[in-house]
Amino acid sequence: MPPFDKTRTTTELPSLPIECAPHVDLELTEQQARTMLAIQAKTEQLKQTLRQDPLWDTPVYLPPRGFPLKPETSEQVLAEQLPWPALLTLANCAEETALVAQCSVKELLLYAIQICPYQHVAVLIQFLSHKEGVQASAKALSPYIRQLRDKEARIKAGARKGADKSAHTRRKQSKVPAPQDLQREAGKLMASHYAKQDVAGILAKRYDVTPTTIRRKLNAAT
């Protein structure tokens, strides 16, 4: 970006935002000059982009000024009707301008309010208030959001643990023979003089499952 020439007057700067702010001292600091030129460049760039959008390129009705003898109207596309403060609030223009100006968005908007035509000051103040409100809300809600994320992480961890346990149980149960085969093994044990109530425990140790699993399988065979 070319350096700002402080010796130039407002009449020599027809396209800069400061032309509408004669109350601003022309003895600008380096940061103020960089900010002003960034606003000029980025808002003009956005206006060019909006001209390519059918919505913003729509002609709008402009009422006649004064008291003309004949009814006269004129039309101009909507993008041309947007002053630079309004452009600054659209399509991330403020964020991109702040990057060029090497300052924060808040610093950019505070300076823009100082040089803004009084008719559009409310636009920038509302925009700044909205951004600060969003940031304040995000800060206030962050502890609750963190709690919800922690809870979500615990639920996912519990689900994974449950799935792993279930998979482990299925793998162990898959080693157990079919109910009919298991019933034959139980019969052999009882024929070898083992008590019926001990059979489930013996087979459970053999196949590394719980006695309940063995009993369930044996009941399924009957």
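Me: What makes A91 a loop residue, and between which helices does the loop lie?
Reply: A91 lies in the loop between α3 (84-88) and α4 (93-101). Helices are DSSP runs of H or I with at least four residues, strands are runs of E with at least two, and both are numbered from the N terminus. The model is a predicted one, in which local features need pLDDT of at least 70 and side-chain atom pairs count only at pLDDT 80 or more, while totals for chains, interfaces and linings use all residues. Residues are numbered from 1 along each chain as its sequence is written, and side-chain values use heavy atoms, with hydrogens and water left out.

Me: Why is A91 called exposed?
Reply: The relative accessibility of A91 is 55%, so A91 counts as exposed. The classes are buried for under 20% relative accessible area, exposed for over 50%, and partly exposed in between, with a 1.4 Å probe and protein chains only.

Me: Which phi does N92 have, and why is N92 called exposed?
Reply: N92 is found in the loop between α3 and α4. Its phi is positive, about 60°, although N92 is not a glycine. The relative accessible area of N92 is 51%, and N92 is therefore exposed.

Me: Why are α4 and α5 called roughly perpendicular?
Reply: The axes of α4 and α5 come within 9 Å and cross at roughly 100°. That angle makes α4 roughly perpendicular to α5. Angles under 35 degrees count as roughly parallel, over 145 as roughly antiparallel, 65 to 115 as roughly perpendicular, and the rest as oblique. The axes are lines fitted to C-alpha atoms, for helices over the stretch in contact, and the angles run from 0 to 180 degrees between N-to-C directions.

Me: How do you know which residues of α4 and α5 meet?
Reply: Contact means heavy atoms within 4.5 Å. A94, E95, T97 and A98 in α4 meet V105, L108 and L109 in α5. By class, this contact of α4 with α5 has five nonpolar, one polar and one charged residues. Ala, Val, Leu, Ile, Met, Phe, Trp, Tyr, Cys and Pro count as nonpolar, Asp, Glu, Lys and Arg as charged, and the others, Gly among them, as polar.

Me: What is the relation of α1 to α5, and why is it so named?
Reply: Helix α1 (residues 30-51) and helix α5 (residues 105-115) have axes that come within 11 Å and cross at roughly 85°. The two helices are therefore roughly perpendicular to each other. Q32, T35, M36 and I39 in α1 meet L108, Y111, A112 and I115 in α5. The residues of this contact divide into six nonpolar, two polar and no charged.

Me: Why are α7 and α8 oblique to each other?
Reply: Helix α7 (residues 179-191) and helix α8 (residues 196-207) pack at an angle of about 120°, with their axes 10 Å apart. α7 and α8 are therefore oblique to each other. L182, E185, A186, L189 and M190 in α7 meet K196, V199, I202, L203, R206 and Y207 in α8. By class, the contact of α7 with α8 has eight nonpolar, no polar and three charged residues.

Me: How do you know whether E185 is buried or exposed?
Reply: E185 has its place in helix α7. Its relative accessible area is 18%, so E185 is buried. Leaving out residues up to four places away in sequence, E185 touches P177, L203, R206 and Y207.

Me: Which class does I214 fall into, buried or exposed, and why?
Reply: I214 lies in helix α9 (residues 211-221). With a relative accessible area of 0%, I214 is therefore buried.

Me: What makes Q81 partly exposed?
Reply: Q81 is found in helix α2 (residues 78-81). The relative accessibility of Q81 is 32%, so Q81 counts as partly exposed.
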